[in-house]
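Here is a short briefing on charged side-chain pairs. Look over the sequence and the model before reading on.

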Amino acid sequence: MDQPDEQPSDEQKELEEKLGLESIRDLPVEKLPLFLQELPSMSKEAVAAVVASLPDFENLVKGSLDRVQAATNSVLKANWKSQKKVHHAFAEYRRMIDRELESGPLDLDDRIRLLELVKEAIELEAKMNEKHQAFALATVKTVAVAGAAIGAVVVASAAALISNQTDNKS
């Protein structure tokens, strides 16, 4: 932990400047992703000192994961609304085809044209479903990767702290 008489290292000062903070102790949840991006470029000792100086580490990490999850839920909800609109449009398209069928006997050309429209509708709706599912899967994977990255930083930071403490006791 930073002691009152200890001065932040140059790396910590540089990190604080990049994050627009007066002190790393003021690191808000919304800046944690930027913070995480900077850690690999820092020395092990600087990372240990910075992480040790964070006053509410657990809530910072949990808050960041909560923000990622909330953003994901919002994206998935918007995607679901979009998907519902597409399905409603295709349902209306099918009703139009039904009305055409109910309008009376169709000659051979009309039947062929109608079958082409049905085939096109089925293919387009299936394609749209695939796109929505791929989008949802990509979103969920992004959250999993973000969670794993934050978890890896937590583990690496803890290991660096333990190592640093062990080195200091020697």
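Is arginine 113 buried, partly exposed or exposed? Arginine 113 is partly exposed, at 37% relative accessibility. The model is predicted. It holds 7 salt bridges.

**Arginine 113 and its partners**
- Arginine 113 forms a salt bridge with glutamate 100, at 3.8 Å from N to O.
- This pair links distant parts of the chain, with glutamate 100 in helix α4 and arginine 113 in helix α5 (residues 108–169), 13 residues apart.
- Glutamate 100 is partly exposed, with a relative accessible area of 30%.
- Arginine 113 also meets aspartate 110 in a salt bridge, at 3.9 Å from N to O.
- Both aspartate 110 and arginine 113 sit in helix α5, 3 residues apart, or about one turn of the helix.
- Aspartate 110 is partly exposed, its relative accessible area being 26%.

**A pair within helix α4**
- Arginine 95 and glutamate 92 form a salt bridge, and their closest N and O atoms are 3.0 Å apart.
- The two residues are 3 residues apart in helix α4 (residues 57–102), so about one helical turn separates them.
- Arginine 95 has a relative accessible area of 41%, so it counts as partly exposed.
- Glutamate 92 is partly exposed as well, at 31% relative accessibility.

**Background**
- Side chains of opposite charge can pair when their charged atoms come close.

Terms used:
Residues are numbered from 1 along each chain as its sequence is written. This is a predicted model: local features need pLDDT of at least 70, side-chain atom pairs count only at pLDDT 80 or more; totals for chains, interfaces and linings use all residues. Side-chain values use heavy atoms; hydrogens and water are left out. A salt bridge is a side-chain nitrogen of Lys or Arg within 4 Å of a carboxyl oxygen of Asp or Glu. Helices (H or I, at least four residues) and strands (E, at least two) are DSSP runs, numbered from the N terminus. Buried means under 20% relative accessible area, exposed over 50%, partly exposed in between (1.4 Å probe, protein chains only).
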